[in-house]
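The report that follows is meant for a reader who is meeting this structure for the first time. Please keep the sequence and the model at hand while reading.

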Amino acid sequence: MPGFVVKGERDQLVKDRMAAFGEKVTGITLEGDLICVHVKKDTLHDLLRTLRDELGFNFLTTCCGMHHPGETQEFGLVYHLHNMRAGHRIRVKCRTTANDLEFKTATDLWPTANWMERETWDFFGIKFQGHPNLKRILNMEDFPAFPLRKDYPLEDPTRQDKDDRFFGR
Amino acid sequence: MSTVEKPDYWQKDLVQGRDLRELTTLNLGPTHPATHGIFQNVLTLDGEIILDTEQTIGYIHRAFEKLAERRPFYQIPTLTDRMNYCSSPINNMGWHMTVEKLLGIELPKRAEYMRVIVMELARIADHVICNTIIGQDAGATTPFLYVYQWRERIYEIYEEICGARLTTNMGRIGGWDRNFSDLVWQRIRAILKEMPAGLKEFEKMLVRNRIFMDRTIDCGPLSGERALAYGFTGPNLRACGVDYDVRVADPYSGYQDFNFIIPVGQNGDTYDRFMVREQEMWESLSIIQQAMDKLDKMSDKTSIRADVPEWVLPPKEEVYSAMEPLIWHFKIVMGETAVPVGEVYHCVEGGNGELGFYLVSDGGRTPFRLHFRRPCYIYYQAYPEMIKGGMLSDAILTMSSMNVIAGELDA
């Protein structure tokens with residue numbers, strides 16, 4: 001990938017390469033100033049590898065889970081990748097249903113994905129196939145829930161004196 | 001050299017091939033004075049040499065990401081304070097800028113430069129802590145006690161700006177709640193004038209100190225390639241020779257207007273990390289000086305925020321005497337301000353590296369999802385690789401030079 005080109009052209013490079021994935025890439029959107037690739041679950045790992053090896057996105061900035069209750073594709077993963085040489089960032093999104101919560105691990109591409117994926121497992125219950133040490137990281141080992149799912153209450157549910165309508169959401 | 005090659009016959013029974021070593025399991029932490037925070041390392045030792053480490057973290061996990069989903073945007077800075085509590089203002093500003101990016105607010109230059117001043121002061125305070133503690137853990141208490149006064153002087157500036165010292169909750173979305181007082185400017189000028197002598201004194205004690213150099217050179221090294229693979233950012237990455245700095249790569253808050261260099265190291269060892277932080281303090285002082293000069297030249301001394309009454313609480317006297325401020329006050333306190341639907345990722349150069357905020361807004365009064373990219377959390381996972389095969393005492397130094405802050409580790 002050529003070095004310093006203007007941002008629109010860099011986005012175009014990504015778009016051109018993504019065309020090879022055909023219908024596996026379900027959409028390419030511009031969210032704010034960041035290009036975002038939506039990909040089907042079975043192609044996620046290949047896509048990340050392509051982005052890393054062919055388009056120079058060799059730095060994994062974040063990987064985090066998402067939960068959209070009430071939608072068929074209820075759970076999601078969001079990756080932020082960074083091409084430091086070209087100063088180009090990209091967001092990769094992948095969605096899945098609640099009964100299919102197993103992704104391929106990205107630890108073979110970036111060792112740093114290790115703890116990010118453990119955090120995602122810890123908080124969302126999303127599993128990563130092939131992860132070397134997939135166990136809870138910030139919560140205690142026998143914690144009974146996945147706390148960042150939207151159905152996990154923040155307040156103690158037995159309390160009567162707090163009305164959620166007055167406290168944020 | 002910290003890595004000791006042991007002859008094979010120490011480890012194996014040459015006849016039967018059994019493991020003859022007597023291994024020790026040692027708990028380093030959770031509350032150990034050398035960890036400077038609450039996290040645990042279960043070390044497997046062969047004598048004094050580290051063979052393996054199992055890290056346990058999460059002792060002060062406070063679920064900020066979950067809490068943030070139930071707090072209006074303007075209440076979230078108090079959560080960010082408590083991540084890297086050695087440089088809270090950077091975290092605060094990072095969050096303000098994230099929301100401003102979502103809302104499309106542009107700040108007047110004066111407000112941006114005031115932010116730059118505060119962020120660079122915070123960086124100095126952060127690096128002072130880290131560097132003096134490297135000395136402390138190597139057995140040099142004097143520099144720690146000498147240089148800590150500068151951190152105290154910086155905290156006095158915070159105190160004058162916002163009333164708090166450690167968890168600052170400084171500034172507002174859209175700029176500043178009030179102008180800096182004369183005392184703030186006096187104190188900043190005093191630091192610019194007096195700190196170079198103090199820093200020089202500190203460097204005299206450690207930088208070319210034979211004992212310190214022997215102790216830190218080649219201690220916990222990491223190559224630039226591995227550092228990138230492990231997601232290192234900030235001074236730790238730059239010590240490995242990669243010149244990535246968010247202030248230059250993705251300039252925010254007017255950093256593009258300043259002239260400064262990004263110090264890089266070569267070997268990625270403890271000494272390089274120390275030196276990179278040391279140089280960054282000098283650069284920070286220079287940035288503050290440049291910002292002060294720019295502010296002095298500005299004719300406009302009052303515009304400290306964008307025109308966003310929906311994010312900055314109006315002065316109390318106006319709330320009690322006029323209708324519109326009263327309405328805004330009520331709306332802000334009840335979190336009734338309209339927010340667009342959208343997603344933003346914004347990052348700032350924190351004391352430890354790229355501090356990122358991934359904010360998903362569904363138009364509600366709180367974020368739908370907020371993810372913090374905490375640099376500590378991400379680079380601390382490289383610790384086992386960095387200390388494997390080295391001495392236990394080197395592991396302590398490596399940890400302090402990585403500047404692992406428990407609050408940022410656990411969020």
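Within what distance do the axes of helix 3 and helix 4 of chain B come, and at what angle do they cross? In this predicted model, the axes of helix 3 of chain B and helix 4 of chain B, the latter made of residues 109-137, come within 7 Å and cross at roughly 140°.

Two packed helices are described by the angle between their axes and the distance between the axes. The table sets out these values.

| Helix pair | Axes come within | Crossing angle |
|---|---|---|
| Helix 3 and helix 4 of chain B | 7 Å | roughly 140° |
| Helix 6 and helix 11 of chain B | 11 Å | roughly 165° |

Helix 6 of chain B covers residues 182-206 and helix 11 of chain B covers residues 270-297; the two are therefore roughly antiparallel to each other, and helix 6 of chain B passes helix 11 of chain B in a left-handed crossing. Helix 6 of chain B makes the contact through Ile188(B), Leu192(B), Met195(B), Pro196(B), Leu199(B) and Glu203(B), while helix 11 of chain B contributes Glu278(B), Met281(B), Leu285(B), Ile288(B), Gln289(B) and Met292(B). Of the residues in this contact of helix 6 of chain B with helix 11 of chain B, nine are nonpolar, one is polar and two are charged.

**The sheet under helix 3 of chain B**

Helix 3 of chain B, residues 88-103, also lies across strand 4 and strand 5 of chain B, and runs at about 150° to strand 4 of chain B. These strands belong to an open sheet of three strands in chain B, ordered 4-5-6, in which the pairing is antiparallel. Strand 4 (341-349) and strand 6 (369-373) of chain B stand at the edges with a single partner strand each, so one side of each is left without a neighbour in the sheet. From one strand to the next the twist averages 10°. Strand 5 of chain B, residues 354-362, pairs with strand 6 of chain B in the antiparallel sense over five bridges, and Gly356(B) has Arg373(B) in strand 6 of chain B as its bridge partner.

**Domains of chain B**

The domain assignment of chain B gives domain 1 (8-56) and domain 2 (64-410), whose centres, taken over C-alpha atoms, are separated by 35 Å. The contact between them takes 13 residues from domain 1 of chain B and 18 residues from domain 2 of chain B. On the side of domain 1 of chain B that touches domain 2 of chain B, strand 3 of chain B (residues 49-56) gives the most, with five residues. That side of domain 1 of chain B divides into six nonpolar, five polar and two charged residues.

Along its principal axes, the C-alpha trace of chain A spans about 60 × 40 × 30 Å.

Five strands of chain A form an open sheet in the order 1-2-5-4-3, with mixed pairing; the edge strands are strand 1 (25-31) and strand 3 of chain A, each of which pairs on one side only. Strand 1 of chain A pairs with strand 2 of chain A (residues 34-39) in the antiparallel sense over six bridges, and within this chain Gly27(A) has His38(A) in strand 2 of chain A as its bridge partner. Helix 2 of chain A, residues 44-53, lies across strand 2, strand 4 (75-83) and strand 5 (88-96) of chain A, and runs at about 175° to strand 5 of chain A.

Between the chains, 27 residues of chain A are in contact with 33 residues of chain B. Strand 3 (59-67) and helix 3 (113-124) of chain A are the elements that give two or more residues to the side of chain A that touches chain B, and the largest share of that side, six residues, comes from strand 3 of chain A. By class, the side of chain A that touches chain B has 15 nonpolar, ten polar and two charged residues.

Note on methods:
Residues numbered from 1 in each chain as written. Chains lettered and ligands numbered in written order. Predicted model: local features only at pLDDT ≥ 70, side-chain atom pairs only at ≥ 80, totals over all residues. Pairing = 2+ DSSP bridges. Helix = DSSP H or I, 4+ residues; strand = E, 2+ residues; numbered from the N terminus. Axes fitted to C-alpha atoms, helices over the stretch in contact; angles between N-to-C directions. Contact = placed C-beta atoms within 7 Å. Nonpolar A, V, L, I, M, F, W, Y, C, P; charged D, E, K, R; others polar. Parallel < 35°, antiparallel > 145°, perpendicular 65-115°, else oblique. Left-handed = near helix turned anticlockwise from the far one by under 90°. Domains from an automatic or database assignment.
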